[in-house]
Amino acid sequence: MLLLHLMFFLCPEKIRAIYVDHQLQSVSAEWGTFVQQQCQQLNIPCTIQPVHVANGNLESQARQSRYQAYLRHLQPNEILVLAHHQQDQAETLMLRLLSGAGIDGLAAMKAIDIRQDLTIWRPLLDISREQICQWAADLKIQNIEDPTNQDTHYDRAWARQVLWPVLSHRYPKMQSALARTSELMQDAQNILQEVLEQDLKLCGNAEILDLSSFSSLSKARQRQLLSVWMKGEGQYRPSLDMVERVQAEVIGAKPDAQAALHWSGYYYVRYQQQLHRLKAEVYLVDQQSTVAEQQIILQNKDQVHLPSGQFRIQRAEIGLSPTLLGQPLYLRQRKGGEKIHLYGRVGHWPLKKAIQEAQIFPWTRHTIQILSTDNVMLGVFTPKGFWLAQSAYCEAGGWLPISVSSTLEFNDEH
């Protein structure tokens with residue numbers, strides 16, 4: 001309530017309020033009415049947003065529901081202003097320390113927190129709760145005390161009511177010391193972020209890590225890079241145990257092992273000297289599924305959408321005979337044991353060997369299709385383009401399917 005009045009004095013006609021009703025207490029709707037009445041007196045627009053709090057850790061789920069409500073109402077040019085104060089900061093650091101958090105957790109809350117989807121400003125973060133209460137009393141600002149602040153069933157209330165008095169009695173300057181520690185951790189976090197960005201640039205991108213470059217890093221940098229890489233765009237990093245499992249069970253597995261580990265909707269898979277981060281739906285697609293042979297008719301300049309990618313039919317110096325355009329051709333998946341005589345190469349090769357030599361990822365091989373006519377192999381559609389097969393239908397001034405986009409999203413040279 002103090003923050004509401006301060007923002008009114010600082011930015012009149014530029015603010016609005018959101019009251020999030022978690023519906024966890026019978027009087028929560030009355031609190032919303034109180035907030036709305038206070039806003040009306042100050043001529044501040046007010047939105048009351050009821051939310052549903054999912055089962056699980058109540059404090060965590062309530063926080064998640066609250067932020068989802070904020071995101072629902074925030075405009076692109078708006079900043080979310082919150083009233084966290086110095087004791088909130090110290091409690092946050094203390095609770096995260098007890099949960100075994102690393103630098104990111106101990107950095108706690110930032111005064112200005114620029115995230116991917118919103119920006120948060122906490123102007124009271126350096127001010128003590130006692131100062132806020134005195135300030136509010138001097139300005140005769142009404143407020144409501146949430147009774148759950150006294151319920152030691154909740155971790156934060158327990159820390160505030162039980163642990164805090166004991167520690168502050170022994171360490172009178174504990175609150176400011178913990179707040180200062182969070183500032184130092186934020187500096188360490190920024191330095192670590194700079195190092196991680198350099199390491200990621202050296203080792204790969206958001207989807208792939210080159211294990212040769214990765215192995216050149218110290219063990220500590222490997223662990224930190226792997227942790228932030230697995231986090232991706234998510235809110236939380238994996239546990240240290242999960243990071244170590246990826247290192248031991250996937251990166252450290254035997255070269256011929258089909259090593260993969262699942263965490264938070266992604267599979268971590270090693271192929272050759274690379275570690276891949278794959279969405280579960282990509283990795284778990286049924287690679288053994290078979291699709292019946294299908295007929296296809298191609299015309300010059302056609303755009304063809306296939307499981308392996310998008311292809312455009314265009315003229316080529318050496319390609320398939322123009323007589324095949326407009327005629328029924330056939331597409332089928334590999335059955336195993338096929339051989340291909342690649343145009344420009346000597347002799348027939350097992351198709352499986354050609355696929356392995358091209359280093360087509362195992363989890364995309366189900367997209368490969370053979371193009372044929374009258375039981376003659378014309379070529380193969382793959383995530384790395386169309387492979388022309390040597391046949392009586394190859395001739396100068398023919399046509400070829402040219403890859404426009406791939407399931408692998410490879411660069412043009414592929």
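The model is predicted: local features need pLDDT of at least 70 and side-chain atom pairs count only at pLDDT 80 or more, while totals for chains, interfaces and linings use all residues. Residues are numbered from 1 along each chain as its sequence is written, and side-chain values use heavy atoms, with hydrogens and water left out.

**Domains**
- The protein is divided into domain 1 (1-149), domain 2 (206-285) and domain 3 (294-405), with bounds from an automatic or database domain assignment.
- The centres of domain 1 and domain 2, taken over C-alpha atoms, are 37 Å apart.

**Residue Q38**
- Q38 lies in helix α2 (residues 28-42); helices (H or I, at least four residues) and strands (E, at least two) are DSSP runs, numbered from the N terminus.
- Q38 counts as buried because its relative accessibility is 7% (buried: under 20% relative accessible area; exposed: over 50%; partly exposed in between; 1.4 Å probe, protein chains only).
- Leaving aside neighbours within four places in sequence, Q38 is in contact (heavy atoms within 4.5 Å) with M1, H5 and Q142.

**Helix α11**
- The buried residues of α11 are M242, V243, V246 and V250.
- These residues cover an arc of only 105° around the axis (from the directions from the helix axis to the C-beta atoms), which puts them on the same side of α11.
- L240 and A248 are exposed on the other side of α11.
- The cover over the buried residues of α11 includes α10 (219-231), β7 (260-263), β8 (266-271) and β9 (274-279).
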